[in-house]
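Here is a set of questions and answers about one model. Please read them alongside the sequence and the coordinates.

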Amino acid sequence: RTTACDLKSIQIVDSILNNADTLDMEVHVSSTAAWRPQAGAPVVVSNGTGREFAGIIEEIAEELKPPTSLVYRVNVRDWSFSFDKYLVVDESTSSLSADAWVTRIVSGFTTGFTVANVTTGPTLGPQRFDYIAPSEAIRTIMDAASQAWFIDPYMDVHTFYANSAAAPTTSINLETDITNYGNLIFRETISSLKDRVYVKDYKHGSSIQWNRSFTGDGSTRFFLLGNEPVSIDPSQMTATVDGTPVDLLVDFLDGVPGDSVGSSSQIFICFANQGLRTSGGTAALTSGQTLNINYNYLIDNVISVQSTAAQDVVAAREGGDGIHEYAISNASLTAADGSDDLATAAGDVALARYAYPRVTGSFQTFVDGWQAGQIFDIVTTRRLGGITDTFNVQQVTKNIVTHPSGGSPTFRSTIDFAD
């Protein structure tokens, strides 16, 4: 269908701020033609060596161009439209790595997508997804793991750590490079300055263990702890019945209330109900038996992460202490091991983005391969008083500028970046 497309009308936008990449274009056909673009049809744009974009037509607008031509303004969304056909209903009461979660969601709740480029991620605490789109579920996992993700034009899911994906031009020296960029504009702002970050509304493990004892009565099977244990790891929880150690299992994972799974030498820990129970397949603890449990438990926590170096820079410009505070509220930052690692990582990510006065800008390039989320360096002795810094690609906008007959198109990319 290439001949029907106004190729110079094609505009591809790849942005880390949007949930999906998009393509806009115009298609011209005769009013008597058997074919027309339709919402829901796939679109693939190639550059001669590979795909620049692929996705599904989301919307069209048809207009008559007298006397016999029809003009279609076509809006295309990337494969995320197909990715979100089904909803995720899933839960894990035990810890799983971020990459395991992504693989589980893609394989269990999408069709036709692959995970060849899903990278290893940190271990996360229990998660629950209750009828939400796969892209929303993965975004939740990525936020908790301080990672990013996208779906490529070949329907493969990629995950990566921020500041780890290199741009095709890894460094641009504005004093010597005259081929890799043009029309570069810098902007500097303090509108989103944050150099001390409080992370709150998550839980971490207690530094001491609590001891609880329960006496049986011949019928009671569930015993309330009153707070949520960190995990059943032996370093964080042990239990005995009349002084004899028992094995610890996870309720709703290793068995469910009322079934006969388990033995008298095992007890089930109910994290959601903050308690424990004995197996329905054995007799309840008698009045002469005592269940004793020692465990670390989760407690609400707030931590502060700051950059004193950034505060010094700001103080030198505006006076005072240079401190600008900000708070992150995220219950999913509760780590599986009860540590503050995920919360600290989230604070560090915020500081990396907002601790210093932000430098943003844009330029144009004919170099292929630029994508939102990539990083590159800019070196200059003249611009902005002289800088050597690493920048993140925020958005890539691609347009076709030439398309020789029988040849490959030439794309010009406009790169929007920020430090």
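Q: Which strands do the buried residues of α4 pack against?
A: Contact here means heavy atoms within 4.5 Å, and buried means under 20% relative accessible area, with exposed over 50% and partly exposed in between (1.4 Å probe, protein chains only). Helices (H or I, at least four residues) and strands (E, at least two) are DSSP runs, numbered from the N terminus. By these terms the buried residues of α4 pack against β15 (196-205) and β24 (298-306).

Q: What kind of model is this, and which pLDDT do local features need?
A: Residues are numbered from 1 along each chain as its sequence is written, and side-chain values use heavy atoms, with hydrogens and water left out. The model is predicted: totals for chains, interfaces and linings use all residues, side-chain atom pairs count only at pLDDT 80 or more, and local features need pLDDT of at least 70.

Q: Within what arc do the buried residues of α4 fall?
A: Helix α4 (residues 308-318) has Ala310, Gln311, Val314 and Ala315 as its buried residues. They line one face of the helix, because seen down its axis (directions from the axis to the C-beta atoms) they fall within an arc of 135°.

Q: Which residues are exposed on the other side of α4?
A: Just after this helix, Gly319 takes a positive phi of about 85°. The exposed residues on the other side of α4 are Asp312, Ala316 and Arg317.

Q: What span does α2 reach from its first C-alpha to its last?
A: The expected span of a helix is 1.5 Å times one less than its number of residues. Helix α2 (residues 98-109) has twelve residues, for which 16 Å is expected, and its reach is close to that, at 16 Å.

Q: Which residue forms a salt bridge with Lys398?
A: A salt bridge is a side-chain nitrogen of Lys or Arg within 4 Å of a carboxyl oxygen of Asp or Glu, and the structure holds 13 of them. In this one the closest N and O atoms are 2.6 Å apart. It links Lys398 in strand β28 (residues 387-402) with a residue of strand β4 (residues 51-65), 346 residues apart. Lys398 is buried at 10% relative accessible area, and its partner is Glu52.

Q: How many residues apart in sequence are the parts tied together by Glu175 and Arg382?
A: These two form a salt bridge, with the closest N and O atoms 2.6 Å apart. Glu175 counts as partly exposed at 31% relative accessibility, whereas Arg382 counts as exposed at 61%. Glu175 lies in the loop between β13 (166-173) and β14 (182-189), and Arg382 in the loop between β27 (375-380) and β28, so the parts tied together are apart by 207 residues.

Q: What N to O distance is found in the salt bridge of Lys200 and Asp201?
A: Lys200 counts as partly exposed at 31% relative accessibility. Asp201 is partly exposed too, with a relative accessible area of 42%. Their side chains meet at 3.2 Å.
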